[in-house]
Amino acid sequence: MAEIKSHEFDGFLQNAARSYRLFVIYGPDRGLVSERAGQIAGKTDVDLNDPFSLIKLDVSDLQNDAGRLLDEVNAIGLFGGEKLVWIRGAANEKALVDSLQIIADNPPDASFVIVEGGDLKKGSGLRKVAETSKAIATIPCYTDDIRALNSLIDAELANENLRITPAARQILLEFLGGDRIASRNEVRKLALYCRGQGTIEEDHVSDIIGDASAISADDAVDAILKGDSEAFLHAMQKIASSKTPMFLVLQGCLRQFQLLDMMRTEMDEKRVPPAQVMQTLGRHLHFRRKPIIEQALKSWTAPAIAREMNRLQAAILQTRQRASLEDTIATQTLLATTLQSARKG
């Protein structure tokens with residue numbers, strides 16, 4: 001078993017990644033999964049611009065052709081040299097799990113395999129294969145903590161020779177987390193805005209990240225949790241007219257579901273009612289929002305919350321990959337969540 005912890009990844013990438021042929025990268029932070037998969041791919045020395053050397057597959061391609069992965073791994077490249085088979089969207093599909101087990105038992109000499117997975121539960125098929133094989137490097141990607149976010153901020157600002165005041169950093173941190181690529185893009189946007197100014201102040205963060213939009217974003221999130229589609233669309237119109245990035249609403253909704261997930265886990269494990277959980281984990285909430293959160297706790301089960309978090313994380317990643325469609329992706333995703341709330345309510 002070769003599980004690479006978050007704090008070990010940079011050292012692994014520099015020193016040991018090349019000694020592995022098989023990689024399973026998974027976790028709730030889809031952006032971090034994608035970023036680390038890209039970094040691993042860069043270390044293989046495979047030409048990523050050569051369609052004969054890089055084979056990208058969606059996991060659905062394997063469901064329609066169970067032997068596809070084995071065929072791709074064992075095929076000899078048209079012009080020789082090493083090749084990379086890169087699989088995205090993996091969960092616990094039998095075709096993938098079975099094929100990966102065969103490959104792990106006899107690792108290839110001229111091929112690399114990178115598997116990008118979602119939030120795989122402990123004991124699931126794909127994790128079981130990866131974690132029990134010495135041939136596979138397993139890389140879990142969990143949501144960035146404060147330490148990781150601070151490191152991200154420092155690294156990106158250093159590229160522009162910028163410093164940031166403690167107060168401005170604190171405001172910035174409130175807008176980051178949940179998705180590594182989204183967080184990195186927000187910091188880069190701020191750095192570009194402040195290029196040449198030396199030090200980033202509070203007003204810079206407010207200007208570019210959109211601190212003034214927090215109230216309208218909360219209105220949208222509250223409408224989503226209540227299942228009020230009319231109020232949701234009205235709030236989204238206000239946000240659009242204020243030129244606030246729709247990403248902030250997606251991120252705010254994800255954070256709210258992360259809080260619901262923590263509260264719901266507490267409820268289920270300790271068998272306590274929502275009101276009691278609100279007294280401990282919901283103390284920081286504004287009093288006007290507490291009834292909305294409490295009702296959501298009654299309506300949403302833990303598995304449903306987990307599914308919704310995965311969907312929101314996927315949408316955040318899509319907005320970063322297809323920036324021109326950010327508004328459409330955000331609105332459609334959040335409206336679907338609103339309708340789910342309405343049905344559960």
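The count of disulfides in this predicted model comes to zero. A search of the whole structure finds two aromatic pairs, and the ring of Trp-86 has the charged end of Arg-88 over it.

**Cysteines**
- Cys-194 has a relative accessible area of 0% and is therefore buried.
- Cys-253 likewise counts as buried, because its relative accessibility of 1% falls under the 20% cut-off.

**Aromatic pairs**
- Of the two aromatic pairs found, one is formed by Phe-12 and Tyr-20, whose rings are tilted with 50° between the planes and lie 5.8 Å centre to centre.
- Phe-12 is buried at a relative accessible area of 7%, and Tyr-20, at 17% relative accessibility, also counts as buried because the cut-off is under 20%.
- Phe-257 and Trp-300 have ring centres 5.0 Å apart and planes at 85°, and because that angle is over 60 degrees the pair is edge-to-face.
- This pair joins distant parts of the chain, 43 residues apart, with Phe-257 in helix 13 (residues 247-270) and Trp-300 in the loop between helix 15 (290-299) and helix 16 (302-321).
- Both Phe-257 and Trp-300 are buried.

**Charges over a ring**
- Lys-56 lies over the face of Trp-86, at a distance of 5.0 Å from the ring centre.
- Arg-88 places its charged end over the ring of Trp-86 as well, 4.6 Å from the centre of that ring.

Notes. Residues numbered from 1 in each chain as written. Predicted model: local features only at pLDDT ≥ 70, side-chain atom pairs only at ≥ 80, totals over all residues. Heavy atoms only, no water. Disulfide = S-S within 2.5 Å. Buried < 20%, exposed > 50% of the residue type's maximum accessible area, 1.4 Å probe, protein only. Phe/Tyr/Trp six-rings, centres within 6.5 Å; stacked < 30°, edge-to-face > 60°. Helix = DSSP H or I, 4+ residues; strand = E, 2+ residues; numbered from the N terminus. Lys NZ or Arg CZ within 6 Å of the ring centre and 35° of its normal.
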